[in-house]
Amino acid sequence: LPTQGKRQPRNGKAADVDVNLFSTLEKRISESHPIVFEVGTRVGGSEPPPQRLTLARSIPRGTVFSIFVKSHRLAAKELCDYFMEASSVQELRQRVEEVRGLVNEKLFIFALSFVIIRKPEMRHLRLPSIVEIFPCMFVPVTTVSEMEQEARKSTPDQEIVVTEYGPEFSSTHLKPEHRVAYWREDYGINSHHWHWHLVYPVDLGVMRDRKGELFFYMHQQMLARYDMDRLSVGLNRVQKLSNWRIPIPDGYFPKLTINNAGQTWGSRQDNSLVQDYRREDFGLLPFDVSELEQWHSRIMDAIHQGYLVDHDGNQTRLTDNVKPPEKRGIDLLGDTVEADSSISLNSLFYGDLHNMGHVVISAIHDPDYAHRENLGVMSDTATAMRDPVFYRWHKYIDDIFQEYKVIQPPYTTEELSLSSVEVVSVAVESQGQKNQLITGWSTRDFEASRGLDFNADKPVMVRLTHLNHHPFVYSIKLQAANSGSLPKEVTVRIFMAPKLNERGVEMSFMEQRLLWAEMDRFTHDLKPGLNHILRSSTSSSITNSNEFTFRDLEERPNPDNPGAPENTLFNFCGCGWPQHMLLPRGKQEGMPFELFVMVTDWNQDKVAQPDGACSCSAAASFCGILDALYPDARPMGFPFDRRPMPMLLNRPVGRASDLTRLSNIAMQDITITFTNAQITQ
Ligand code: CUO
């Protein structure tokens, strides 16, 4: 809605609202104020010419839109192109109006979000959180209908109705996997995943720097974080889903709807078996599970032979020791494994492994569409992470990348060290306590009633429960040499991992390697002598605290500082790990973790950015920077993406702490204690 200050009714006077919207919108553009797009109401407007948007119109409204499906990506490209052709906000307005009621709702929001990110002149436009646009993707259908009933019962002068959802999420304690439901069903994690695939799309004509490598790294980091929380609640780390000939023990029943017409997602019984795909509702050819195995085998051959083969039979070597512009092997592999797309080196040969895995798993309950059931949540980037099988599938995908990474030359002392700098001490401080961090629960309110899938004309809020922690500060002391060879600037890299494995035993370097979660990465101007760095947890390079609600957008238009980056880049910055999930849960009795801090020379890490690159650096570690190159020349995950040279570890059971013999690396034991209490923000 074009609202600023005063809320307008969703239903009834929709046409007036929309007329209002665009005149307000254009005025605000000229004033460089933020804008909220109306997303919920279909009003008049002429249709696009019939020959346009045939693909986009072929996806029925109210059904699944999946960017894992090639035909849907092509439909998205068609609609994105149509919006991108708009040369002004006025023209975009017309085009949005034309297609709003004609195309699938999810596709519509995807394309609108895409154009707002991609067109510099559109970046003032804003969309609220995806949670508020599609509440039914985040809140169970029973809660949505309860909210609708409450809204009907309320009197006109009652401004809002709040319904709490959680913390008992989608199953019971009978299932061990339920213990991490708070993590899988977290609105911020799912919203981040939706945004990530929006800013790193496939087949949409977008070439983003190191996309394939970031596909590997961002998903590997999500797995590391999931495993940290699994260990927190006494579960084993995720097992990869590598054998599709045996049933999947854990089912999933999402209890969400695809839209407010009551279309439900497909669900999966315990012990379901992946089947050959024979559905005809997505324009996909019949597809056998054995094809996944064949593609996997070809990709493994490429890794072990050291090269990919393109369409013409030419070999492209796979190595991470490259000089730009040659792409790292992990970058090529990421693109090849992710999807049958224009950026895959040879999609006919290496296939569509990752994407088709999402598809066949999400069709497991109705592989031939005999029951006319929708796909499951694994088909949508906004919901896939709710399902336990997501992590098993991605562990399998990550295993391919790790197969490649472990055969890369180990890092040498020279690559890892910076002898002119010593990390003297590392600590975290929170609430007056040193190296003791506290987690608990918090709630956040979202306005469900202005989304696309809600039947109420009164404002209705939904209160979502989520894990949270008390903010903390890293206190890092560096001793820099007083010599002339001192780097001017250094990169500080902070990681965290559990200290003990499932059996309560300290882990070797190789066992712990994939559990290191990046916490922060930033630069520091080095001065000779002692440097004391204080860095807030809220500044983390992986997190995003810029996700706005409708009300935030109304109440905080920031008119005094219209050009502020947080305004202009809001939509891009919607990508990023949620701040409230920066820490794992930990245990009630306290759980030991290790912090790893490494300082490297910024001169070797820096990347020459093109002129006019944006300064938006929110969540740069996971999301890159808009219109710019990924801001770190090292391989993603450095230094844990590869093994170190054996002589750096105290063999045969070398630990990460062995690396602290290098002056620029230090570690610190910390404890995370889960309080089960409310944490006020
Ligand atoms: Cu993000 Cu499989 O790539 O979900």
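View 1. Two strands count as paired if DSSP finds at least two bridges between them. In this predicted model, four strands form an open sheet in the order 7-6-10-13, and their pairing is antiparallel. Strand 7 (433-434) and strand 13 (529-536) stand at the edges; each has a single partner strand, so one side of each is left without a neighbour in the sheet. Strand 6 (residues 421-430) is joined to strand 7 by two bridges, and these strands run antiparallel. Within strand 7, Lys434 is the bridge partner of Glu429. As a rule, strands of a sheet pair through backbone hydrogen bonds, either parallel or antiparallel.

**View 2. The disulfide between Cys575 and Cys623.** The two sulfur atoms of Cys575 and Cys623 are 2.1 Å apart. The torsion about this S-S bond is about -80°, so the disulfide is left-handed. Cys575 sits in the loop between helix 20 (570-573) and strand 15, while Cys623 belongs to helix 22; the link joins distant parts of the chain, 48 residues apart. Both Cys575 and Cys623 are buried. The count of disulfides in the model comes to one. Two further cysteines are also buried: Cys80, at 1% relative accessibility, and Cys136, with a relative accessible area of 1%.

**View 3. The aromatic pair Trp577 and Phe622.** A search of the whole structure gives 29 aromatic pairs. In the pair of Trp577 and Phe622, the ring centres are 6.3 Å apart and the ring planes meet at 80°, so the arrangement is edge-to-face. Trp577 lies in strand 15 (residues 577-578) and Phe622 in helix 22 (residues 620-623), so the pair ties together parts that are 45 residues apart in sequence. Trp577 is buried, at 0% relative accessibility, and Phe622 is buried with a relative accessible area of 0%. Trp577 and Phe622 belong to one aromatic cluster that also includes Trp183, Tyr217, Tyr226, Phe390 and Tyr391.

**View 4. Charged side chains over aromatic rings.** Lys106 lies over the face of Phe134, at 5.0 Å from the ring centre. Arg118 lies over the face of Phe114, and here the distance to the ring centre is 5.7 Å.

View 5. Apart from its neighbours within four places in sequence, Thr163 is in contact with Thr143, Glu146 and Met147, and with Met461, Val462 and Arg463.

**View 6. Phe83 in the largest nonpolar core.** The largest nonpolar core has 186 residues, and Phe83 and Trp183 are those with the most contacts inside it. Trp183 is also a member of the aromatic cluster that holds Trp577 and Phe622. Not counting residues up to four places away in sequence, Phe83 touches Leu92, Arg95, Val96, Val99, Phe108, Ala111, Leu112, Val115 and Lys119. In soluble globular proteins, nonpolar side chains tend to be buried together.

Terms used. Residues numbered from 1 in each chain as written. Predicted model: local features only at pLDDT ≥ 70, side-chain atom pairs only at ≥ 80, totals over all residues. Heavy atoms only, no water. Phe/Tyr/Trp six-rings, centres within 6.5 Å; stacked < 30°, edge-to-face > 60°. Buried < 20%, exposed > 50% of the residue type's maximum accessible area, 1.4 Å probe, protein only. Lys NZ or Arg CZ within 6 Å of the ring centre and 35° of its normal. Disulfide = S-S within 2.5 Å. Contact = heavy atoms within 4.5 Å. Core = buried A, V, L, I, M, F, W, Y, C linked by side-chain atoms within 4.5 Å.
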